Amino acid sequence: GVGLAAVGAAGAAFSLLTDAERNTAGAATNTATLTVPDLLEATTTDGTTTFTLAAQSGTSEVISGVTSSTAGYNQSYLGPTMKWTKGDTVLLNITNNLDDDTSVHFHGAHIPAEMDGGPQNAFAAGETWSPTFEILDEAKTLWYHPHALGTTAEQVVHGMAGMIIVEDGSDASAALPSEYGVDDIPLVLQCLASDTSGDIKYNLTGYLSGSLAYPVLCNGTNVDDTTLTFTATKTRTRFRVLNASPSDIITVQRGDGGTLTQIATEQGYLTSATEVSSIRLVAGGRAEFVMDLSDAVTLQAVVTTGWVRGGSGTYDFLTVTPDASDTPDDLPSTLNTIERYDTSSFTAREITLDQDGLEMAINGSVGTTMDSMATIMTTLGSSEIWTITNNTMLEHSFHLHDVPFQLIEINGEEPTGVDLGWFDTYEVVGGGSIKIAMQFTDFADDTYMYMLHCHLLQHEDEGMMAALMVMES
Ligand code: C2O
Ligand code: CU
């Protein structure tokens, strides 16, 4: 365990909400102002930007009126947002004030495996880990979270997650809203599960559907009974959405049925702004969209039951009210150039997502230890096309560390629309398959490995994880 029990939750028991009592479309009982995570301050000396983080436990009201044992970075729940700039060198001093090992993974960042905070980089209670690396990524929305072997779900569901905004000097970035907390707003959405004493669950095996509460949170506030409000002081507002849930798929949409203008998938800008009716995010997924507001609009999170049974529903989570008179410029017609890979000469590889009883596996190996997991060996500079086949009846996702991928096929179909963008995590439905293509650039290492795994955290901890070694060619 993380030692969270030592904190001692003094929570009053609550009774379970029925579906009818939930904050489903228009049934909000309370309103509260949206909390925006703090921007983590950094110091820059000799060309290195230094951030300081502490993993710590605490308490929080994940369920209104009930105190839960939680954990976060520099605070008792969630973590501050980090801003990285392409071309900068960053140094992070991260202290582990938990009672258990932890590691900090920079989900989606293209950095050396040794600096990437996978299971091989777990560090003990009381220790400080100080990775340093150059930011090679373009503008995008990443996140950081624990990734030690077997404890990822437990630590993440208790609140250990924070957003990373990568900035670059591109024309697209200059033309888009970027004032943090003013017209550039992070939304960390989570579907959790808790028993009536406020004990947050990370492994639901053995629980009956409906025996737990399933709070849905936005930036740490439970929107089960509360609609958050945000007053926009600029006509155009940019939202960065992160699905930090352990398992559930969240679809973001407007309550009035209008479209959202999506500008980025999780690995950067789309070719151009794209009108979408909704944005579907697997656990771990991110997206960015803008809204030009003239009237108030409510954003809804449609939770599709994945691992958290009983939490499905449509939640009004944020009402955005305009209070601005400026007229924004037209969005640039081109945000990014995405060269589609010609995969005809790419090296093909087969990856299977497998299950044997309660054991989860990749390519037949239950990856609960570094020794038991399948290890994929590739070489620096190689270009590959992977077919990921879900051999189970369950919903899974596929996440690859190190490099972004392009979707080549989704269940036999060619991708369209926003699926032509860059990804690092994508849904693989029960019995389905995806084909993805990627190029391994910049970092070879014969000691530290990158990970590939299902991002349903219980599955990852139960062994649906493999290692990737990028060797010098
Ligand atoms: Cu967000 Cu390997 O994980
Ligand atoms: Cu899975």
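Two strands are taken to pair if DSSP finds at least two bridges between them, and strands (E, at least two residues) and helices (H or I, at least four) are DSSP runs numbered from the N terminus. Strand 24 (residues 347-356) and strand 25 (residues 359-362) run antiparallel and are joined by four bridges. Gln355 has Met360 of strand 25 as its bridge partner. Two residues lie between the strands of this hairpin, and Gly357 there takes a positive phi near 65 degrees.

This is a predicted model, in which local features need pLDDT of at least 70 and side-chain atom pairs count only at pLDDT 80 or more, while totals for chains, interfaces and linings use all residues. Residues are numbered from 1 along each chain as its sequence is written, and chains are lettered from A and ligands numbered from 1 in the order in which they are written.

The predictor's confidence in each residue is given by pLDDT, from 0 to 100. For the chain the mean pLDDT is 92, with 92% of residues at 70 or more. Residues 5-12, however, have pLDDT below 50, and this stretch has 21 contacts in the model beyond near neighbours in sequence; a contact here has C-beta atoms, placed from the backbone, within 7 Å. Where pLDDT is low, the predicted coordinates should not be read in detail. The model scores are ipTM 0.98 and pTM 0.95.

Turning to the whole chain, the secondary structure comes to three helices and 34 strands. The radius of gyration, taken over C-alpha atoms, is compared with a globule rule of 2.2 Å times the number of residues to the power 0.38. For 473 residues a compact globule would have a value near 23 Å, and the 21 Å of the chain agrees. Along the principal axes, the C-alpha atoms fill a box of roughly 60 × 50 × 50 Å. Among contacts between residues at least 6 apart in sequence, 77% join residues at least 24 apart.

Inside the fold, 49% of the 473 residues count as buried, that is, with 20 or more other C-beta atoms within 10 Å of their own. A nonpolar core is a set of buried Ala, Val, Leu, Ile, Met, Phe, Trp, Tyr and Cys residues joined through C-beta atoms within 7 Å. The largest such core has 123 residues, and Ile164, Leu189, Val241 and Ile263 have the most contacts inside it. Beyond its neighbours within four places in sequence, Leu189 is in contact with residues including Cys218, Val241, Ile250 and Ala301.

Conventions
Two residues are in contact if their C-beta atoms, placed from the backbone, lie within 7 Å. A residue is buried if 20 or more other C-beta atoms lie within 10 Å of its own, exposed if 12 or fewer, and partly exposed in between; C-beta atoms are placed from the backbone.
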